[in-house]
Amino acid sequence: MIYDVLEYGAKADGVTNDAAAIQKAIDSCAVSGGGTVVLQPGYYQTGALFIKSGVNLQLDKGVTLLAS
């Protein structure tokens, strides 16, 4: 199953801290038994993320992660 972080509230604008939205997508994916969490092209401001068993993180071309 595919989990798009934009559907979980990520903005990918380089200003908004998207960490909570990305983590929410990861957690939902893990609870559902696994799948792929997708980040569409954009600038994601984020801190630490905790990837869980069965979760694949897909960074499409044009994705930039900005540490906060």
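**View 1. Strand E4 is mostly covered.** Of the 5 residues in E4, 4 are buried, where buried denotes under 20% relative accessible area, exposed over 50%, and partly exposed the range in between (1.4 Å probe, protein chains only). Strands (E, at least two residues) and helices (H or I, at least four residues) are DSSP runs, numbered from the N terminus. This is a predicted model in which local features need pLDDT of at least 70 and side-chain atom pairs count only at pLDDT 80 or more, while totals for chains, interfaces and linings use all residues. Residues are numbered from 1 along each chain as its sequence is written, and side-chain values use heavy atoms, with hydrogens and water left out.

**View 2. An open sheet is formed by 3 strands in the order E2-E4-E6.** The pairing in this sheet is parallel; two strands pair if DSSP finds at least two bridges between them. Strand E2 (13-17) and strand E6 (63-67) stand at the edges with a single partner strand each, so one side of each lacks a neighbour in the sheet. From one strand to the next, the twist averages 25°; axes are lines fitted to C-alpha atoms, for helices over the stretch in contact, and angles run from 0 to 180 degrees between N-to-C directions.

**View 3. Strand E4 pairs with E2 and with E6.** Strand E4 comprises residues 42-46 and is joined to E6 in the parallel sense over 5 bridges. E2 and E4 also pair in the parallel sense, over 2 bridges. Tyrosine 43 in E4 is the bridge partner of aspartate 13, and threonine 64 in E6 is the bridge partner of tyrosine 43. Glutamine 45 stands opposite leucine 66 in E6.

**View 4. An open sheet of 3 strands has the order E1-E3-E5.** Its pairing is parallel.

View 5. E1 pairs with strand E3 (residues 35-39) in the parallel sense over 3 bridges, and aspartate 4 stands opposite valine 38 in E3.
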